[in-house]
Amino acid sequence: MDHDDRIRLLDPALAASEPIDPTAPGALSATVGAGSAEALARFSSLEADSPDAVWGALRQHSLELRSSGPDAERTAAVEQVLDAWLARIASSEVPGDFDSSARISLPTRDIALVNALYARGFGPTGVRAVRFRPHGGARQAPSLPAPLDGALVRLARLDDADRLGELDARLLALDAHFAGVTMRENAGAGFATAYRERLRRAPDTTWVLERDGEVAGFIHVVPDADSPEPDSRLLAATGGQYLVVMYLDETERGAGVGAAFLQLAHDALDAAGTPYVVLSYAVANPRSGPFWSRNGYRPIVTEWQRRPAVFASLPAAAAETS
């Protein structure tokens with residue numbers, strides 16, 4: 001069974017894969033019995049003051065993988081490709097440097113490869129999840145501004161940009177605990193600038209929760225085709241929205257306000273005929289997975305990461321006692 005046939009059986013929502021050019025720089029392949037693996041290794045780097053430097057390590061190694069055949073032989077072929085890729089990375093990275101990473105994204109349901117990744121020091125850091133528009137979804141968008149638990153939900157304005165940047169920086173600081181993103185100096189100011197540009201272009205794609213005259217939370221979406229995430233062409237369906245940010249102040253959590261706020265955004269998107277909403281969350285965040293699952297999202301792709309890309313060697317004394 002080839003790669004796309006297997007993926008289609010695992011999760012019909014996923015898109016077909018682009019073929020990998022075996023002559024391309026970074027191409028890797030292996031065959032074990034009836035199993036095969038093909039991959040394309042990529043590398044990108046950024047300066048610390050780049051606006052995109054918050055989205056992980058400054059030096060990112062990524063691997064795009066295809067595999068086919070019976071699981072045991074397929075996994076053995078994938079292991080050979082992973083080992084060759086990691087050997088290349090080891091020749092160029094400083095061991096223990098946390099601003100380097102090795103990443104690979106796989107269909108969440110492709111569990112046959114999980115132990116091969118764990119054995120090489122990878123851990124699941126991020127999940128891409130999707131919510132499809134329910135049949136007979138909202139017939140009309142909610143009328144805004146709308147009251148919500150003593151607060152007000154409205155569309156964001158240009159003069160909200162600084163506050164949105166501040167709240168987004170809080171979210172970044174939280175998610176930085178889980179290795180998928182990195183807190184950088186002046187991140188909030190960079191986010192505020194981006195929100196000003198977004199609100200000028202698309203003023204109807206950001207909802208804010210305002211309480212006592214202050215923005216206490218917000219939800220921001222962009223077309224899935226403009227997703228800031230890698231591998232944005234994930235789904236067989238097209239035309240959906242990517243939920244970039246949802247954040248609520250700590251004082252707004254734990255009483256159902258978040259779910260009600262999200263439902264208003266869902267109603268607006270459903271009424272507009274949006275076929276799906278996709279988003280990303282940190283696997284290790286104890287709140288994210290349960291919240292998004294309760295609100296209709298299911299995992300489709302899991303990002304596995306080694307950070308640093310090359311682990312530091314244990315000191316001799318530590319190695320002897322471990």
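Asp-212 counts as exposed because its relative accessible area is 77%; with a 1.4 Å probe and protein chains only, exposed means over 50%, buried means under 20%, and partly exposed covers what lies in between. The structure is a predicted model, in which local features need pLDDT of at least 70 and side-chain atom pairs count only at pLDDT 80 or more, while totals for chains, interfaces and linings use all residues. Residues are numbered from 1 along each chain as its sequence is written, and side-chain values use heavy atoms, with hydrogens and water left out.

Asp-212 sits in the loop between β8 and β9, where the names of strands (E, at least two residues) and helices (H or I, at least four residues) refer to DSSP runs numbered from the N terminus. Its phi is near 55 degrees, a positive value in a residue other than glycine. Most residues other than glycine have a negative phi, and most peptide bonds are trans. Asp-149, in the loop between β6 and β7, also has a positive phi, near 50 degrees, and it counts as exposed because its relative accessibility is 53%.

Arg-211 belongs to strand β8 and counts as partly exposed because its relative accessibility is 22%. If neighbours within four places in sequence are set aside, Arg-211 is in contact (heavy atoms within 4.5 Å) with Leu-148, Asp-149, Gly-150, Ala-151 and Glu-252. The C-alpha atoms of Arg-211 and Leu-152 are separated by 6.3 Å, although these residues stand 59 residues apart along the chain.

The bond from Leu-144 to Pro-145 is cis, with omega near 5 degrees, and Pro-145 is placed in the loop between β5 and β6 (146-148). Arg-307 and Pro-308 are likewise joined by a cis peptide bond, with omega about 5 degrees, and Pro-308 lies in the loop between β12 (298-306) and α8 (316-321).

We can now turn to the interior. In soluble globular proteins, nonpolar side chains tend to be buried together. A nonpolar core is here a set of buried Ala, Val, Leu, Ile, Met, Phe, Trp, Tyr and Cys residues joined through side-chain atoms within 4.5 Å. The largest such core has 25 residues, and those that touch the most other members are Trp-207, Leu-209, Ile-219, Leu-243, Met-246, Phe-261 and Trp-292. At least two residues of this core come from each of β5 (123-132), β7 (151-155), β8 (206-211), β9 (214-223), β10 (241-248), α6 (257-271), β11 (276-282) and α7 (288-294). The largest share, seven residues, is supplied by α6. Apart from this core lies another, of 23 residues, among them Ala-41, Ala-77, Val-78 and Trp-304.

In helix α7, Ser-288 counts as buried because its relative accessibility is 13%, and Ser-288 touches Tyr-281 and Ala-282, residues up to four places away in sequence not being counted.

What span should the 15 residues of α6 have at 1.5 Å a residue? The expected span of a helix is 1.5 Å times one less than its number of residues, which gives 21 Å for α6, in agreement with the 21 Å between its end C-alpha atoms. The buried residues of this helix include Val-257, Phe-261, Leu-262, Leu-264 and Asp-270. Ala-271, which is also found in α6, counts as partly exposed because its relative accessibility is 27%. The C-alpha atoms of Ala-271 and Ala-138 are 4.8 Å apart, while the residues are 133 residues apart along the chain. Not counting residues up to four places away in sequence, Ala-271 touches Ala-138, Arg-139, Gln-140 and Ala-141. After α6 comes Gly-273, whose phi is positive, near 85 degrees.
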